[in-house]
There are 2 protein chains.
Amino acid sequence: MLTEYQRDHIEVVLVSPRNPLNIGAAARAMANFGFGRLAVVAPYAPNWREARSAVGAPELLKDATEFTTLAEAVADCTLVAGTGTLAHRKPEQPVVPLPEFSPRVERELARGGRVALVFGPEKHGLTRQDLSYCHVLVEVPTDVRQPSMNLGQAVAVCLYELASRASFPNANKQDESRVIPSAVSGSLDRLAEVIEETMLTVDYSPVSIREAYRHDLRLLLRKMALAEPDTRRLMGLFRRILWRLQHANNNSGTSGKPK
Amino acid sequence: MLTEYQRDHIEVVLVSPRNPLNIGAAARAMANFGFGRLAVVAPYAPNWREARSAVGAPELLKDATEFTTLAEAVADCTLVAGTGTLAHRKPEQPVVPLPEFSPRVERELARGGRVALVFGPEKHGLTRQDLSYCHVLVEVPTDVRQPSMNLGQAVAVCLYELASRASFPNANKQDESRVIPSAVSGSLDRLAEVIEETMLTVDYSPVSIREAYRHDLRLLLRKMALAEPDTRRLMGLFRRILWRLQHANNNSGTSGKPK
């Protein structure tokens, strides 16, 4: 079973949920399995208000945090797991079947990380862009003839899996000073910005396909399994490169070197 | 993963469901995890009609069978599993935590049995009498502070567990002639009737506590793990006893023995 500590380090993130009943059901499943941290991204305001003010809504729904973007909602997380089925898409990141997901979460929490479990809107699930913020795609093993799950039920199944399968012997007691923490999602986003600026500065790729390489870069950085100090080193390197590029441009006429 | 054969031998039974949305959600979870056999006991008629005629209702909901009593709904089943949490009751039968339930189901199906997974009404769950028809109580491991699950979510979690954990290597291929099948629930009910008649005939227990010993007898017979031939033998024995008792009474005046 999960301990209070581990449950505090797992976030449930609902992206643009529409139906107040589904929001309530998701929150109830969290309460059933002892999870307390809910974040909601860009909800439809009237329905979100309705869900929060419903009679009998769990406390955690009232305490939920609201974000404008998924990037902000998962900025503190070191493992971001999108959920869904693979029926209609070709995944761009590693796919983990839900029954094999708990060990991955355990390892991440044992390293002092923070995990986000991200659920998409009812109709279409997570978009390709949402998924580019995810390290892995957790697949619920549903029947090919009826792959798409109701939101509240998908949350219940995923949290049941974590609550009943994961075990964390001594995870609280381990010597944290010896563990190198994984990079949080926000650090990867900042690193991506500096790399992107560098790519633009050196005319590496045309502005017209900016969105496309930004997408690929997000996925690449999440595939690399960087530790937090790695991102700081890479950030330092690219900032230095940028500085030099700008410096070189400014001084290009006075360097004394032949053109 | 479960095969088509095994899914055909697992029934989902909803006892007196009230909310059409919950009935729909339960049916949808069944379709998601590839289960097809739904039985409903004494549903509230207007809501049951509404659930079945809902737009997008899965085929299996339209094919569902309706019963008046739980005893009839599970009469063909050899393992009847009630679901719930233990928050407010002292269980009278073995409790199996849901994460440990799949092996039990596998064994039962490998013997050629049929399994029923029984869910109670939304508000109160299964009654003590409902549970007396159950061989085991499957407990969903929920948080003590919020133990009670939404019906649709409870069905989803239980079926996810079965669909993703159970595996049945060669279960279809085994030599069925060598396997002694477990007693179906209906045989146990018929055996209970004969035993009860015997108990009444010999004035074993007063009629006033008839309901109480009927209850205990149901539980006892389910605890005994009888095979189908065992029930036939026991039935034969009690019928013989009954016949003799009646014969003895009829002939008591003519036996020639001194009073």
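In chain A of this predicted model, residues 24 or more positions apart account for 87% of the contacts with a separation of 6 or more, two residues being in contact if their C-beta atoms, placed from the backbone, lie within 7 Å. Chain A holds eleven helices and seven strands, which are DSSP runs numbered from the N terminus (helices H or I, at least four residues; strands E, at least two). Of its 259 residues, 41% count as buried, where a buried residue has 20 or more other C-beta atoms within 10 Å of its own, an exposed one 12 or fewer, and a partly exposed one a number in between. Residues are numbered from 1 along each chain as its sequence is written, while chains are lettered from A and ligands numbered from 1 in the order in which they are written. Local features need pLDDT of at least 70 and side-chain atom pairs count only at pLDDT 80 or more, whereas totals for chains, interfaces and linings use all residues.

The mean pLDDT (the predictor's confidence in each residue, from 0 to 100) of chain A is 86, and 89% of its residues reach 70 or more. Over residues 253-259 of chain A the pLDDT is below 50, and this stretch has zero contacts in the model beyond near neighbours in sequence. Where pLDDT is low, the predicted coordinates should not be read in detail. For the complex, the predictor gives an ipTM of 0.81 and a pTM of 0.84.

Between the chains, 24 residues of chain A are in contact with 24 residues of chain B; on the side of chain A that touches chain B, helix 8 of chain A supplies the largest share, eight residues. Because 100% of the interface residues of chain A are also interface residues in chain B, the copies meet through the same surface.

Helix 2 of chain B (residues 20-32) is mostly covered, with twelve of its 13 residues buried, among them B:I23, B:R28 and B:M30. The buried residues of this helix pack against helix 8 (151-165) of chain A, and also against elements of chain B including strand 1 (10-15) and helix 3 (45-53). Just after helix 2 of chain B, B:G34 takes a positive phi of about 80 degrees.
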